[in-house]
Amino acid sequence: MNQENSFKDTLLLGGDKFTLPKCMVCKNFIGDGNDDTGICSAFPEGIPEHVMWEQEDAECNNGIKFEKV
């Protein structure tokens, strides 16, 4: 499968696939916030959903970029 980014594709039992947002495979990702919003070094108050699906080379916030785990 050829993709512009390296989002992780995951195969589930039954053959279904889903793609993880880039944040889930970034070393700056911290975990879930209070409202089930992901938090990271760039967005300690919560990662905006549109940022999760941006290209990996886009700056996230405050000079912090995606860094693959």
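**Contacts.** I started with the contacts in this predicted model: among those in the protein with a separation of 6 or more, 39% are between residues 24 or more positions apart. Contact here means heavy atoms within 4.5 Å.

**Ground rules.** I noted that this is a predicted model in which local features need pLDDT of at least 70 and side-chain atom pairs count only at pLDDT 80 or more, while totals for chains, interfaces and linings use all residues. Residues are numbered from 1 along each chain as its sequence is written, and side-chain values use heavy atoms, with hydrogens and water left out.

**Fold.** I found 1 helix and 6 strands, in the order β-β-β-β-α-β-β along the sequence. Both are DSSP runs numbered from the N terminus: helices are H or I with at least four residues, strands E with at least two.

**Surface.** I read off an accessible surface of about 4900 Å², with 48% of that belonging to carbon and sulfur atoms (Shrake-Rupley method, 1.4 Å probe; for residues, only the protein chains shown count as cover). Of the 69 residues, 32% are buried (buried is under 20% relative accessible area, exposed over 50%, partly exposed in between; 1.4 Å probe, protein chains only).

**Salt bridge.** How many salt bridges does the structure hold? I found 1, taking the term as a side-chain nitrogen of Lys or Arg within 4 Å of a carboxyl oxygen of Asp or Glu. Lys 27 and Glu 67 form the bridge, at 3.4 Å from N to O. The pair links distant parts of the chain, 40 residues apart: Lys 27 lies in the loop between strand E2 (17–19) and strand E3 (29–32), Glu 67 in the segment after strand E6 (64–65). I also checked exposure: Lys 27 is exposed at 55% relative accessible area, and Glu 67 is partly exposed at 34%.
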